[in-house]
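Please examine the sequence and the structure shown below. The explanation that follows begins with charged pairs and then turns to a helix and a surface patch.

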Amino acid sequence: LAGALAGSVTGVLQTKVGIHPILAGILTMSGLYTINTAVMGGKPDVTLTKTTIFNKLYDVFNINLQAFNKDRAAFTIAKEITVLIVAAVLAAAVLIALIWFFRTHVGLCIRATGNNEAMVRSSSINAGGMKILGLAVANGCTALAGGVMTQSGGFATISNGAGVLVVGLASVIIGEAIIGKRGVTGGLMSVILGSVLSQCLIRLATSLNVFPAYYL
């Protein structure tokens with residue numbers, strides 16, 4: 001909800017205040033840096049002490065400290081599998097929800113606004129409202145991903161989102177290069193595929209031991 005609200009702020013700055021879209025995003029991001037710092041109590045990083053969704057699942061799969069003491073490798077693999085299951089289920093749920101949403105009347109209006117804003121305005125559709133709603137949905141998904149990542153790692157740092165724009169662009173480019181632009185369903189699936197492949201490529205590059213691990 002907070003992410004969707006932030007996206008709405010960006011949309012309002014674009015459509016109501018008349019600020020350039022890129023500058024509007026930069027302004028919102030700059031403001032959110034301060035807000036995030038305030039939420040974290042003025043600290044650059046915070047460790048999660050309360051129970052997370054992953055901790056609950058660790059209990060379900062009987063992943064405990066005793067297992068860690070007996071077999072550290074097995075414990076690590078079990079935790080990674082749990083994280084993968086949660087990520088896959090959430091990605092599938094969001095994918096289905098977005099496919100459904102973008103096939104509704106409102107979703108089609110958002111897509112039409114992105115394709116041909118002049119045509120949308122001539123059809124008496126509120127293009128500004130569609131932009132705000134589209135940004136709210138996109139930023140809501142981004143916030144959900146950030147929340148899951150934070151719970152998975154067990155800590156939050158103020159620089160968690162650094163570089164994520166490049167990762168997002170790489171995901172879209174790689175996915176579309178493989179699947180192509182085949183409607184909203186194919187587009188959404190290509191983003192997920194591209195994000196997985198881009199991370200696999202990064203892991204492969206860092207595991208080859210050709211260069212030091214810090215040569216990101």
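A salt bridge is counted here where a side-chain nitrogen of Lys or Arg lies within 4 Å of a carboxyl oxygen of Asp or Glu. The model is predicted, and a search of the whole structure finds 2 salt bridges. In one of them, the side chains of Arg121 and Glu117 meet with an N to O distance of 2.6 Å. Both residues belong to helix H7 (residues 117-122), where they are 4 residues apart, about one turn of the helix. An α-helix has 3.6 residues a turn, so residues three or four places apart point the same way.

Glu117 also forms a salt bridge with Lys131, with 3.1 Å between the closest N and O atoms. Because Lys131 lies in helix H8 (residues 127-153) and Glu117 in helix H7, this pair ties together parts that are 14 residues apart in sequence.

Helix H10 has 25 residues and spans 36 Å from its first C-alpha to its last, close to the 36 Å expected at 1.5 Å a residue. Its buried residues include Val184, Gly186, Leu188, Ser190, Gly194 and Ser198. Leu204, in contrast, is located in H10 (residues 183-207) and counts as partly exposed at 48% relative accessibility. After H10 comes Asn209, which has a positive phi, near 60°.

Leu204 is also one of the residues of a nonpolar surface patch, together with Leu201, Leu208, Val210, Phe211, Tyr214 and Tyr215. The accessible area of these residues together is about 840 Å².

Conventions: Residues numbered from 1 in each chain as written. Predicted model: local features only at pLDDT ≥ 70, side-chain atom pairs only at ≥ 80, totals over all residues. Heavy atoms only, no water. Patch = residues over 30% accessible without salt bridge, like charges linked within 9 Å, V, L, I, M, F, W, Y side chains within 5 Å. Areas by Shrake-Rupley, 256 points an atom, 1.4 Å probe, with all protein chains shown as cover. Helix = DSSP H or I, 4+ residues; strand = E, 2+ residues; numbered from the N terminus. Buried < 20%, exposed > 50% of the residue type's maximum accessible area, 1.4 Å probe, protein only. Expected span 1.5 Å × (residues − 1).
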